[in-house]
Amino acid sequence: MEDVTIIIQGLLEKECYDFYLQNYKNYNVVISTWNTCKIDFSNAPDNFTIVLSSLPKKQGYQNIQYQLVSTVNALKFVDTKYTIKIRGDEYWSNLEYSYNFLKKNDKKLYTSSIWFRHFLFIEYHISDHYIIGTTENIKCMFNECLDNMNNNKFLEYHPEVSLAKSYLNKKFPTRFGIVDGRILMSEAFDILDIDMMKNYKLKANSFKKSWYNNFKPHENYSISSIDKLFNNTNFYDTNIT
């Protein structure tokens with residue numbers, strides 16, 4: 001995986017930093033967090049790039065500006081073909097699984113199933129907890145979304161919707177808003193099998209919950225396969241817990 005950079009963005013927890021330091025110390029890593037971070041980075045290897053930024057003056061809906069700014073700032077230091085974008089308060093193992101998945105078709109962006117919503121529940125709601133793709137595509141999505149946010153376009157309550165709409169509008173300018181959005185989503189995105197990505201720690205700050213290797217998509221309003229976007233009945237078995 002020499003052609004991959006791991007971006008760890010946003011508020012960084014010491015537990016997560018230690019996890020990546022222990023398991024991915026030989027990988028290209030960019031940590032993009034805030035200048036208020038108290039973690040001691042003196043033990044970071046030379047292949048770890050540390051980017052400390054000031055918090056944006058505006059946080060946006062569900063802190064979207066924080067995610068966009070920290071990710072865009074990190075991408076300035078990426079020169080590999082592929083990028084994995086991860087939150088600083090979460091960790092994931094077996095990154096090789098998603099990398100091998102991506103290599104089969106790197107035209108798409110691949111995400112986890114964490115709150116990847118069905119189209120009939122929330123239109124254009126991808127997952128932003130874990131994203132892997134070509135650096136070109138990830139730069140396209142985050143730069144375009146940040147530009148849109150700064151210009152009051154696609155100001156959605158859900159950051160995931162703003163990201164998806166910005167990306168699809170940029171990639172399919174003559175089709176977005178005209179053809180069935182599920183078709184465009186299935187062309188641009190795919191969903192990774194979360195059980196193949198253990199060990200992992202997930203957080204839902206708004207719900208004040210964490211999951212350790214036990215997130216069940218169907219129990220949390222999430223779909224586990226991109227094909228399920230086209231299933232209009234019984235796409236969730238139970239509600240969020």
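This report describes the nonpolar cores, aromatic pairs, salt bridges and backbone features of a predicted model.

## Basis of the description

Because the model is predicted, local features are taken up where pLDDT is at least 70 and side-chain atom pairs count only at pLDDT 80 or more, whereas totals for chains, interfaces and linings use all residues. Residues are numbered from 1 along each chain as its sequence is written, and side-chain values rest on heavy atoms, with hydrogens and water left out.

## Nonpolar cores

A nonpolar core is here a set of buried Ala, Val, Leu, Ile, Met, Phe, Trp, Tyr and Cys residues joined through side-chain atoms within 4.5 Å; buried stands for under 20% relative accessible area, exposed for over 50%, and partly exposed for values in between, with a 1.4 Å probe and protein chains only. The largest such core has 41 residues, and the members that touch the most others are Phe116, Met141, Phe142, Leu168, Met185 and Phe189. Two or more residues each come from β2 (28–34), α2 (64–75), α4 (135–150), α5 (159–171), α6 (181–188) and β8 (189–191), where helices (H or I, at least four residues) and strands (E, at least two) are DSSP runs numbered from the N terminus. Helix α4 gives the largest share of this core, seven residues.

For Met141, contact (heavy atoms within 4.5 Å) is made with Leu109, Ile126, Ile131, Leu163, Tyr167 and Phe189, once neighbours within four places in sequence are left aside. Another core, of 39 residues, lies apart from the largest one, and its members include Cys16, Val29, Ala44 and Tyr130.

## Aromatic pairs and charges over rings

Rings of Phe, Tyr and Trp (for Trp, the six-membered ring) pair if their centres lie within 6.5 Å, and planes under 30 degrees apart count as stacked, over 60 as edge-to-face and the rest as tilted. The count by this rule is 21 aromatic pairs. One of them joins Tyr20 and Tyr24, a tilted pair with 6.0 Å from centre to centre and 45° between the planes; Tyr20 is buried at 1% relative accessibility, and Tyr24 is buried at 4%. The pair of Trp115 and Trp211 is edge-to-face because the planes stand at 70°, with the ring centres 5.4 Å apart. Trp115 lies in the loop between β6 (109–111) and β7 (130–134) and Trp211 in strand β10 (residues 209–212), so this pair ties together parts that are 96 residues apart in sequence. Trp115 is buried, with a relative accessible area of 5%, and Trp211 is buried, also with 5%.

Phe19, Tyr20, Tyr24, Tyr27 and Tyr91 form one aromatic cluster. A charge sits over a ring if NZ of Lys or CZ of Arg is within 6 Å of the ring centre and within 35 degrees of the ring normal. The charged end of Lys104 is placed in this way over the ring of Phe101, 5.6 Å from its centre, and that of Arg175 over the ring of Phe172, 5.3 Å from its centre.

## Salt bridges

Side chains of opposite charge can pair when their charged atoms come close. With a salt bridge taken as a side-chain nitrogen of Lys or Arg within 4 Å of a carboxyl oxygen of Asp or Glu, the structure holds 13 salt bridges. One of these joins Lys201 and Glu13, whose closest N and O atoms are 2.7 Å apart. This pair links distant parts of the chain, since Lys201 belongs to strand β9 (residues 200–204) and Glu13 to the loop between β1 (4–9) and α1 (14–23), 188 residues apart. Lys201 counts as buried, at 4% relative accessibility.

Asp89 and Arg87 form a salt bridge at 2.9 Å, N to O; Asp89 is buried at 6% relative accessibility, and Arg87 is buried at 16%. In the salt bridge between Glu156 and Lys165, at 2.8 Å, N to O, Glu156 is partly exposed at 24% relative accessibility, whereas Lys165 is buried at 16%. Through salt bridges that share partners, Glu13, Glu15, Lys201 and Lys203 are joined into one network.

## Backbone features

Most residues other than glycine have a negative phi, and most peptide bonds are trans. The peptide bond from Lys198 to Asn199 is cis, with omega near 5°, and Asn199 is placed in the loop between β8 and β9.

Asn94, although not a glycine, has a positive phi of about 55°; Asn94 is in the loop between β5 (91–92) and α3 (95–104) and is partly exposed at 26% relative accessibility. Lys208, a residue other than glycine, has a positive phi near 55°; Lys208 is in the loop between β9 and β10 and is exposed at 77% relative accessibility.
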